[in-house]
2 protein chains.
Amino acid sequence: MGLTKTEIFTEEQNQMAAWLKAMAHPARIAILQRILQSNTCICGDLVEELGLAQATISQHLKELKNAGIIQGTIEGVSICYCIEPKTWKLLQNQLGDFFASYQGEQNCC
Amino acid sequence: MGLTKTEIFTEEQNQMAAWLKAMAHPARIAILQRILQSNTCICGDLVEELGLAQATISQHLKELKNAGIIQGTIEGVSICYCIEPKTWKLLQNQLGDFFASYQGEQNCC
DNA sequence: ATTATACATCGTAATATTGCGATATAAATA
DNA sequence: TATTTATATCGCAATATTACGATGTATAAT
């Protein structure tokens, strides 16, 4: 084995897992924080700021892009990455609901 | 290679990544939903409800427990799993802040 | 046209994850 | 004490992830 049995879960469960997985790496958290903080597009600055090789950063950016969390547009020689607003808000809402659905310890251990 | 370079990231970035990673699997999302929904402790019902083998479920529960997201207490023969309130609230707040720090598209692509 | 710059992609090695059968453990019951 | 019940752990095979050097590609500058 070694592959997730996606077919036994709902579309929503798989989507949520995919989003979380895309963010579940310190480098990708750092990239997102950097984009959020500067509140504008981020290009190759990342390679110097994080201590990872250019190929590695590029790969991480690709994963965030594939998950729909960021988007990249060509800006001359470099590429400009920023948050994909739609996905961001969707994920924000879904995660918000998910966490808020906890009613606190009641009949619990 | 093949191992994450945790030493170049902050404690917070690594912790957040670890929490997200623990939740970044459809089975573990399903388990958490089940716990949240029934609002009480969950034992072996999961094995019948999800379509995964007992060993697999046990492993997923272990990962959620190791991340501090759920806790398990022995309840006679079976084990009772529920949300770990402290971690849950912490993660809820940190994720909330993280997502809320997005200022919307401004100087962006 | 050539060169420089900024990324992306390929290929590969090291390691991690996923899933499960088999087996171990520990509490409850007969 | 022996057996049942509920869960954990081991060991393995299949696959995925992480990281990076090397190389490809496309735009800008010379």
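Student: By what turn and shift can chain A be laid on chain B, and with what RMSD?

Tutor: Keep in mind that this is a predicted model. Chain A goes onto chain B by a turn of 180° and a shift of 0.0 Å along the axis. The two copies are thus related as by a two-fold rotation axis.

Student: Which residues does A:Pro26 touch, and is A:Pro26 buried or exposed?

Tutor: You'll find A:Pro26 in helix α2 of chain A, residues 26-38. Its relative accessible area is 6%, and under 20% counts as buried, so A:Pro26 is buried. Not counting residues up to four places away in sequence, A:Pro26 touches B:Thr4, B:Phe9, B:Gln13, B:Asn14 and B:Ala17.

Student: How are α2(A) and α4(A) oriented to each other?

Tutor: Their axes come within 10 Å and cross at roughly 75°. On the α2(A) side, A:Ala27, A:Arg28, A:Ile31 and A:Leu32 meet A:His60, A:Leu61, A:Glu63 and A:Leu64 in α4(A). An angle of 65 to 115 degrees counts as roughly perpendicular. So α2(A) and α4(A) are roughly perpendicular.

Student: What is the relative accessible area of A:His60?

Tutor: A:His60 sits in helix α4 of chain A. Leaving aside neighbours within four places in sequence, A:His60 is in contact with A:His25, A:Ala27, A:Arg28, A:Ile31 and A:Leu52. A:His60 is buried, and the relative accessible area is 7%.

Student: Over to chain B: how far apart are the end C-alpha atoms of α4(B)?

Tutor: Helix α4 of chain B covers residues 54-66, which is 13 residues. At 1.5 Å a residue, α4(B) should span 18 Å. The model agrees, because the end C-alpha atoms are apart by 18 Å.

Student: Within what arc do the buried residues of α4(B) fall?

Tutor: The buried ones are B:Ile57, B:His60, B:Leu61 and B:Leu64. They line one face of the helix, because seen down the axis of α4(B) they fall within an arc of 100°.

Student: Which elements do those buried residues pack against, and which residues of α4(B) are exposed on the other side?

Tutor: The buried residues of α4(B) pack against α1, α2, α3, β1 and β2 of chain B. On the other side of α4(B), the exposed residues are B:Ala55, B:Gln59, B:Lys62 and B:Asn66.

Definitions and conventions: Residues are numbered from 1 along each chain as its sequence is written. Chains are lettered from A and ligands numbered from 1 in the order in which they are written. This is a predicted model: local features need pLDDT of at least 70, side-chain atom pairs count only at pLDDT 80 or more; totals for chains, interfaces and linings use all residues. Side-chain values use heavy atoms; hydrogens and water are left out. Helices (H or I, at least four residues) and strands (E, at least two) are DSSP runs, numbered from the N terminus. The expected span of a helix is 1.5 Å times one less than its number of residues. Buried means under 20% relative accessible area, exposed over 50%, partly exposed in between (1.4 Å probe, protein chains only). The arc is that of the directions from the helix axis to the C-beta atoms. Contact means heavy atoms within 4.5 Å. Copies are superposed by least squares on the C-alpha atoms of residues with pLDDT of at least 70 in both. Axes are lines fitted to C-alpha atoms, for helices over the stretch in contact, and angles run from 0 to 180 degrees between N-to-C directions. Angles under 35 degrees count as roughly parallel, over 145 as roughly antiparallel, 65 to 115 as roughly perpendicular and the rest as oblique.
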